[in-house]
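Please look at the sequence and the structure shown here before reading on.

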Amino acid sequence: LYPPQVDTKLPAFYASSNGKIILRVPFHLNRAHAREEFNGMAIILKTVTTGAIKYQHTANNGDIHYDKNTKSYYVEYDLTSVSQLPPEDKNFFAPVVGQYYKLQIAFAKDDYIGYYSSMTVIKYTSRPSKFEISGLKPD
């Protein structure tokens, strides 16, 4: 399976107010594939500085969505459970605020994982705060 097309910069991800960490990765289908040709998405998340693999997982069909507004797909990875594991567990991953991570995704079909996408960078940040500009009126 040829790799999906991923932007070189992705929106930052963060923990929500309830502590849930969802990593959302938008992508476009490669012109060589139809949506029916894959039933999962594999991800590799590495540190930028050392290249150490911090998270590796394959999402199933239920985690892959289509956004009609942007006409693109996205896959969501729930990192909440791996961030709550004991640090000595080999699957433990707790993102660090301000840290950049290298990310690659690939189409998966049953037990087969295709070629990984080109490398992209994503940042883990603190939860954005709501702000208001006094005197600004919406159109």
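The sections below describe a sheet and the salt bridges in this predicted model.

## The sheet

Three strands make up an open sheet, and their order is β1-β5-β4, with antiparallel pairing. Because β1 (22–27) and β4 (64–67) are at the edges and each has a single partner strand, one side of each lacks a neighbour in the sheet. On average, neighbouring strands of this sheet are turned by 30° against each other, direction ignored.

Six bridges join β1 to strand β5 (residues 72–78) in the antiparallel sense. Within this arrangement, Val 25 has Val 75 in β5 as its bridge partner.

## Salt bridge between Lys 20 and Asp 78

The count of salt bridges is two. In one of them, Lys 20 pairs with Asp 78, and the closest N and O atoms are 3.4 Å apart. Lys 20 belongs to the segment before β1 and Asp 78 to strand β5, so the pair ties together parts separated by 58 residues in sequence.

Lys 20 is partly exposed, its relative accessible area being 39%. Asp 78 also counts as partly exposed, at 35% relative accessibility.

## Salt bridge between Glu 76 and Arg 24

Glu 76 forms a salt bridge with Arg 24, with 3.4 Å between the closest N and O atoms. This pair links distant parts of the chain, since Glu 76 is in strand β5 and Arg 24 in strand β1, 52 residues apart.

Glu 76 has a relative accessible area of 26% and is partly exposed. Arg 24, at 40% relative accessibility, counts as partly exposed.

Key:
Residues are numbered from 1 along each chain as its sequence is written. This is a predicted model: local features need pLDDT of at least 70, side-chain atom pairs count only at pLDDT 80 or more; totals for chains, interfaces and linings use all residues. Side-chain values use heavy atoms; hydrogens and water are left out. Two strands pair if DSSP finds at least two bridges between them. Helices (H or I, at least four residues) and strands (E, at least two) are DSSP runs, numbered from the N terminus. Axes are lines fitted to C-alpha atoms, for helices over the stretch in contact, and angles run from 0 to 180 degrees between N-to-C directions. A salt bridge is a side-chain nitrogen of Lys or Arg within 4 Å of a carboxyl oxygen of Asp or Glu. Buried means under 20% relative accessible area, exposed over 50%, partly exposed in between (1.4 Å probe, protein chains only).
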